[in-house]
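Work through the exercises below with the model in view. Try each task before you read its solution.

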Amino acid sequence: MNALLKASGLTKRYDGRGGCVDVDLDVYPGEVLCIVGESGSGKTTLLNALAIRTGVDSGALAYRTREGDTLDLLALNEPQKRLLSRTEWGFVHQNARDGLRRNVSAGANIGEPLMAIGARHYGRLRETASDWMTRVELDAARIDELPSAFSGGMQQRLQIARNLVTGPRLVFMDEPTAGLDVSVQARLLDLLRTLTSKLHLAAVIVTHDIGVARLLAHRLMVMKDGRVVESGLTDQVLDDPQHPYTQTLVASVLPV
Amino acid sequence: MNMTDEEAFATGDTLMLRACGIDKTFTLHQQGGARIHALAGVSLEVKRGECIVLAGASGAGKSALLRCMYGNYLATAGSIAVRDDSRPARYVSLTQATPHDIIRLRTTTLGYVSQFLRAIPRVSSLDLVAEPLITRGVDEDEARDRACALLERLNVPRRLWTLAPATFSGGEQQRVNIARGLIAAQPVLLLDEPTASLDAENRDVVAQLIVDARECGAAIVGIFHDSDTRERVATRIVHIDSSSLSNHDSQAGAVHTC
């Protein structure tokens, strides 16, 4: 398989309702895929199912590793899942607090994922953490401060650094810019855009913001009531939407 | 145009892009399913070293045709094929291509300059212009040098290069847009009124860039409203006629070549 991640007929229901139904998708190396849709459309459920953070009712899910092996993600045991999420994946939560450890310093938050895969040299860990703070445009002099000392936008960047420090190939992001000031959003978007292209990173990003999707995504999937109603090249879906729901979504964006 | 795409691309070595019988109809679901017919039965062949200027009244579907040929609009009917010598058939069908194929085709072959720059927050003009080269694997320093040279040629003041173009004048933004669209020198160029917001001097510069690209073998389709630019760049003018579709159902072909 050429795709990095491939889902077929993925279904996850809650008591027979909600969730996502019969979703097919693939993500290629270096490709950014955005999943858009309103609240309750099932996009976060789908993201959690793809990242095997939740079980699914039916379907198939495969991932191609760095070594070129194809893994059946639905058959992995817990240690295998943990290894995958430490070495090949990242997961950026909507709320930075869910993705950071509150009682350790910014530097430790970045260094910890490296220690989890065996890094032990304190000086080098600190150097790497400091380097990553600079890369996400945080002041490296604040390396010993706790996450709570940083603003919301800064915490989000810290969470991104924590996720990228291990050099993952695929990152899942749940509304990474939601709840941030517009100016802070622009900075974060620019950062994400630069990092994904420079690191040749594949990403699956859930967002309800069409502007975010247009800026970041190569491809777009539109979800409604748990199903994918339209998908394709980002600019094609947004400039020539075919499905009634996508047309409503695009027409609802306020012009700047 | 009775040949198949296979025959056309196999026998015509200079053929770069071929559109056959393109219809484009928009269905507006928000407005009771109203249908707007933008193109009916448009066919076009573009060869290396050729610059076809699309002419016709506003609303005749000129931009829609360019967008269909870039994969930005989905053609409702008809086929569009683009030269791709890396394949045994030597072409790709754009109208049947997957999104991945289209992304690749845009990297290797298809260039497009829109009417307006879609600015990206916080990215400097220089980086915007250099980006298409960097994506194609050109060394960053070389990409920046070439971007500088092109911005210079387009008379974009040096003090603006490090700034994001959101606050630039319309003409300045458009020149950044043109530089970004032309820097990678793609073999097929689709130009949607690139000179619309420019003064005479800069129109002249852009016209010369287009002529240079054409003489280097690019296959170009463009829309230009000023007759000076049109005369300088065009090797052929194709009229797209809106009267034949006029938004009731019509089977009429809509292209006259002169």
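This is a predicted model, in which local features need pLDDT of at least 70, side-chain atom pairs count only at pLDDT 80 or more, and totals for chains, interfaces and linings use all residues. Residues are numbered from 1 along each chain as its sequence is written, while chains are lettered from A and ligands numbered from 1 in the order in which they are written.

**Exercise 1.** Find the handedness of the crossing of α4(A) and α6(A).

Solution. The crossing is right-handed (the near helix is turned clockwise from the far one by less than a right angle). Helices here are DSSP runs of H or I, at least four residues, numbered from the N terminus. Next, take the geometry. Helix α4 (residues 106-116) and helix α6 (residues 152-164) of chain A pack at about 25 degrees, with axes 7 Å apart. Axes are lines fitted to C-alpha atoms over the stretch in contact, and angles run from 0 to 180 degrees between N-to-C directions. The two helices α4(A) and α6(A) are therefore roughly parallel (angles under 35 degrees). Last, list the contact (C-beta atoms, placed from the backbone, within 7 Å). From α4(A) come A:Ala106, A:Asn109, A:Ile110 and A:Pro113; from α6(A) come A:Leu158, A:Ala161 and A:Arg162.

**Exercise 2.** Which residues are buried in helix α4 of chain B, and what do they pack against?

Solution. Buried residues have 20 or more other C-beta atoms within 10 Å of their own C-beta, placed from the backbone. In α4(B) (residues 125-135), they are B:Ser125, B:Leu126, B:Leu128, B:Val129, B:Ala130, B:Pro132 and B:Leu133. They pack against α5 (140-153) and α6 (170-182) of chain B. Just after α4(B), B:Gly137 takes a positive phi of about 90 degrees.

How values were computed. Angles under 35 degrees count as roughly parallel, over 145 as roughly antiparallel, 65 to 115 as roughly perpendicular and the rest as oblique. Two residues are in contact if their C-beta atoms, placed from the backbone, lie within 7 Å. A residue is buried if 20 or more other C-beta atoms lie within 10 Å of its own, exposed if 12 or fewer, and partly exposed in between; C-beta atoms are placed from the backbone.
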